[in-house]
Amino acid sequence: MESLFQTAESGILATAPKEKILSEVTSKTLHKARETVGDPFVENPRMTCREVNVYYGEKKAINNVNIDIARHEVIAMIGPSGCGKSTFLRCLNRMNDTIEGCRVTGDIRLDGMDIHDRNVDVVPLRARVGMVFQKPNPFPKSIFDNVAYGPKIHGLVQNKSELEEIVEASLKKAGLWEEAKDRLNQPGTGLSGGQQQRLCIARAIAVSPEVILMDEPCSALDPIATAKIEELIAELCEHYSIVIVTHSMQQAARVSQRTAYFHLGDLIEVGKTDRIFTNPRHQLTEDYITGRFG
Amino acid sequence: MDQPATNPAIDKVNRGLKRRYRAERRFRLCGATAVFAALCFLFILFFSIVSSGYKAFQKTFIQIDVFFDPAEFTNENLATANFPALIKASMSSRFPEVTARRDKKDLYYLISPGASFQLMKLIKNNPALIGQKERIWVSANDDVDMLLKGNIDRTRPESERRINDKQLAWLDTLAGEGKIKKTFNMAFFTLGDSREPEQAGIWGATCGSFYTLLITLSLSFPIGVAAAVYLEEFAPKNRWTDIIEVNINNLAAVPSIVYGLLGLAVFINFFGMPRSTPVVGGLVLTLMTLPIIIIASRASLKSVPPSIREAALGIGASKMQMVAHHVLPLALPGMLTGTIIGMAHALGETAPLLMVGMVAFIVDIPQGFTDPATVLPVQIYLWSDSPERAFMEKTSAAIMVLLVFLFLMNAVAIFLRKRFEIKW
């Protein structure tokens, strides 16, 4: 009996300092204006986000975020759970429209075009800004149909041979062609987790997007599958801008050129990945990447 | 294992272990008992229905020698000939010793009144028979049928049975000559209702049920699915949709007779649709099954994982494409199951149909949606209310037919679910 109590107590004691730090940090930053430090803006950006706020009902989830996304770069978004990085990612192709009670304000532009403009249709926008989700979510159809679906609904192809070309090219780009070429008619859901995620990437690039949003694409995968996806991301950034949300700082360091750190709905710091991980300028960033909380 | 006594927590766990397992055993026993009880009741139900109904699938026939007297066929229209007289003549020639008026009546009673229609049909198909003598099996009266099936006790006093001693003697004579036989009761499956049990069949009610359910299915499935898809995928979530949802759930619980009264007031009295017809019955049953189908369809739409919707939207599918290409195919098995359960419900429904006049006594087989008709459960109700002993076994037989249809529908539901189910 006694020993049990003791462990419990010592457990509390062990966690106490960390919580203390966290509460100190929060109380300090609450009073401080949260200006983004680092270099959020780039020259000739693919996407620009100015004064973006997101509300879930009354609750503000994203607070005044300003950031640019460059061409042919991988930008990683890191931060503790619930900091709003996924919410921000979903603003970029207006996936937040599908969430009941979610409201986005501010100015988001893709190649200078305001994506919230009245004349902008969300369907072509999502064709230009593709998305890969946390959990691999292939359609319960064949591998071929999974990749072919996007080109088909957007009318990108005239005939079957063109469609087959696109499917092959997309699967090759996604590094899945060798594994999948003999089983194109088998269900995509029969693939392994990592293969499914690459199938989802192939599906996204089949409609030739300009930006690919990845929401923790490796969190459901084992290290080998993760390594493959990371390799793929490095190759894909030659053609696309990639925004990747990740929980793994190692992953952010491995795949990205720039990193953005979010904290409780604020964009705290943006900068070159090397610089962020070696020489963070903001106290919160430093606390997070050194593992003091998060 | 090394120091079992040093960890007091484990001791506590071990002490509670027995109780936990006992609770599990108790629960499993309860479950098994419940299943057993349910199976027992089901068995009793089936046994009672089958044991009292299986004899209805057989029917008694009596062989008579009919002389198609040309003197009877003087009229141009052969159907107007006095066919009952032909049968009476043939019975009299078989039993010439019967002369008293009362006895003759008893003798003729053995043959079903429907036999004369059989002769009429025979002559209509083959007028060359006129002037010839034919050996024909005609159906016996229902009391003869009951006697041969052992439902009339010969040992009881004459005044208490519907077949008197003389009739018994005649029947025994006929049986001795091999002129009485029991064969498969084709009439039961091919004829409509009748006041004579031996002439009553289930086919009229089956056709009525078919037409009624066809109307119900072709209206309630598309309307129900469309309503469910709209409410689940497109409608904004606000107070109005909440009210609609609550009301749909309430409608599913409204007693079915209320729908019958509604149908009577709206479809028949207001719109002036023909009463006792499958079209009105089908509309009433549509109203009744709609909430069931909507609720089942919404549940199956809800069970489609949101990741599929996101995947479709994420590559730029419009909402309509998302629903049509991805959500509906995944939700379809559940929708079909719900629909078939609703249809099975409608197939067995009696009360609302009584209100729209489908309880009428209808002999003709309905040929379309606007012919007066009755349906299987109403037919069961009508027969169960009839005084003749022979209708009792007909009631059970009709229940068996209804149950077979229900089993078939459920089998189709299972088949469709398996066929369209998409696994991942």
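This is a predicted model: local features need pLDDT of at least 70, side-chain atom pairs count only at pLDDT 80 or more; totals for chains, interfaces and linings use all residues.

Student: How many bridges join β1 of chain B to β3(B)?

Tutor: Strand β1 (residues 58–67) of chain B is joined to β3(B) by 5 bridges, and the two run antiparallel.

Student: And what is the strand order in the open sheet?

Tutor: The order is β2-β1-β3 in chain B, with antiparallel pairing. Because β2 (133–139) and β3 (180–184) of chain B stand at the edges with a single partner strand each, one side of each is left without a neighbour in the sheet. From one strand to the next, the twist averages 35°.

Student: Which helix packs on the sheet?

Tutor: That is helix α4 (residues 115–125) of chain B, which touches β1 and β2 of chain B and whose direction makes about 135° with that of β2(B).

Student: Switching topic: at what angle do α8 and α15 of chain B cross?

Tutor: The axes of α8 (residues 203–234) and α15 (residues 376–384), both of chain B, cross at roughly 145° and come within 8 Å. On the α8(B) side A205(B), T206(B) and S209(B) meet L376(B), P377(B) and Q379(B) of α15(B), a contact made up of 3 nonpolar, 3 polar and no charged residues.

Student: Last one: how many residues are in the largest nonpolar core?

Tutor: It has 57 residues, and those with the most contacts inside it are I67(A), F88(A), L92(A), V243(A) and F262(A). Helix α13 (residues 319–347) of chain B gives the most to this core, with 6 residues.

Key
Residues are numbered from 1 along each chain as its sequence is written. Chains are lettered from A and ligands numbered from 1 in the order in which they are written. Side-chain values use heavy atoms; hydrogens and water are left out. Axes are lines fitted to C-alpha atoms, for helices over the stretch in contact, and angles run from 0 to 180 degrees between N-to-C directions. Helices (H or I, at least four residues) and strands (E, at least two) are DSSP runs, numbered from the N terminus. Contact means heavy atoms within 4.5 Å. Ala, Val, Leu, Ile, Met, Phe, Trp, Tyr, Cys and Pro count as nonpolar, Asp, Glu, Lys and Arg as charged, and the others, Gly among them, as polar. Two strands pair if DSSP finds at least two bridges between them. A nonpolar core is a set of buried Ala, Val, Leu, Ile, Met, Phe, Trp, Tyr and Cys residues joined through side-chain atoms within 4.5 Å. Buried means under 20% relative accessible area, exposed over 50%, partly exposed in between (1.4 Å probe, protein chains only).
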